[in-house]
Amino acid sequence: MDDVPQRLTVKPSWLITQLAVHTRRLVSDGFAAAGARGYHYRILAALHEFGPSSQALLGRRCRIDRSDVVAAVNELVELGFVDRIPDPEHGRRNRVTLTEAGLRQLHRIDGVLDQVQDELLKTLSATERQTLNNLLSRVLAQHEPS
């Protein structure tokens, strides 16, 4: 970074932005290699962790816009990674569940994303990676809506 103005390189906001560009490329390439998209991973992860869910709740948990949730769930249904049935407790709501194929896909993507993390953070020790994760989580939490 010798050719970058020093006043930029001492600003965490600039560093985070530059790293975000590189991270997005690595993650995008990883998802493509797994035949997946970011929204797919978020939805599969939420279903695995929290169990069957309405599309609206998936959107809130995964921070995905309502219309994008519908499109992503449609894709996941077509791929056989989730099932969507009418919710027996609420006639106008759909209930989305993870299938066995979806769980296998989630594990595949997890493996790819683990490799992405390793590539992204290869210069950091395990302790430094955990410290970075903790610090980023704290900073993000202060900006999250309550």
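**Sheet, core and pocket of a predicted model**

Aspartate 87 is located in strand S2, where strands (E, at least two residues) and helices (H or I, at least four) are DSSP runs numbered from the N terminus. The structure is a predicted model, in which local features need pLDDT of at least 70 and side-chain atom pairs count only at pLDDT 80 or more, whereas totals for chains, interfaces and linings use all residues. Residues are numbered from 1 along each chain as its sequence is written, and side-chain values use heavy atoms, with hydrogens and water left out.

Aspartate 87 has a relative accessible area of 11% and is therefore buried; buried means under 20% relative accessible area, exposed over 50%, and partly exposed in between, with a 1.4 Å probe and protein chains only. Apart from neighbours within four places in sequence, aspartate 87 is in contact (heavy atoms within 4.5 Å) with Arg93, Asn94 and Arg95.

Strand S2 belongs to an open sheet of three strands in the order S1-S3-S2, with antiparallel pairing. The edges are formed by strand S1 (53-54) and strand S2 (82-87), each of which has a single partner strand, so one side of each lacks a neighbour in the sheet. Two strands pair if DSSP finds at least two bridges between them. S2 and S3 run antiparallel and are joined by six bridges, and a hairpin connects S2 to S3 through two residues. Between S1 and strand S3 (residues 90-98), the antiparallel pairing extends over two bridges. Arginine 95 in S3 stands opposite isoleucine 85 and also opposite serine 54. Helix H3 lies across S1, S2 and S3 and runs at about 95 degrees to S3; axes are lines fitted to C-alpha atoms, for helices over the stretch in contact, and angles run from 0 to 180 degrees between N-to-C directions.

Threonine 99 occupies the loop between S3 and H6. With 13% relative accessibility, threonine 99 counts as buried. Its contacts, leaving aside neighbours within four places in sequence, are Gly80, Phe81, Val82 and Asp83. The C-alpha atom of threonine 99 is separated by 9.9 Å from that of leucine 76, which is 23 residues away along the chain.

The largest nonpolar core contains 24 residues, and those with the most contacts inside it are Ile43, Leu44, Leu58, Val73, Val82 and Ile109. Such a core is a set of buried Ala, Val, Leu, Ile, Met, Phe, Trp, Tyr and Cys residues joined through side-chain atoms within 4.5 Å. At least two residues of this core come from each of helix H2 (12-33), helix H3 (38-50), H4, H5 and helix H6 (100-120). H6 gives the most, with five residues. Beyond its neighbours within four places in sequence, isoleucine 109 is in contact with Phe31, Ala34, Ala36, Tyr41 and Leu44.

The largest pocket holds about 1,400 Å³ of space. A pocket is an open set of points on a 1 Å grid over the protein atoms alone, where a 1.4 Å probe fits, with protein on both sides within 12 Å along at least five of seven lines; lining residues have an atom within 4 Å of a point. Grid points are joined across faces, edges and corners, and the volume is the space filled by probe spheres set on the points. The lining comprises 31 residues, of which Ala20, Thr23, Gln117, Leu120 and Leu136 lie nearest the centre of the pocket. Two or more lining residues are given by each of H2, H3, H6 and helix H7 (126-143), and H2 supplies the largest share, ten residues.
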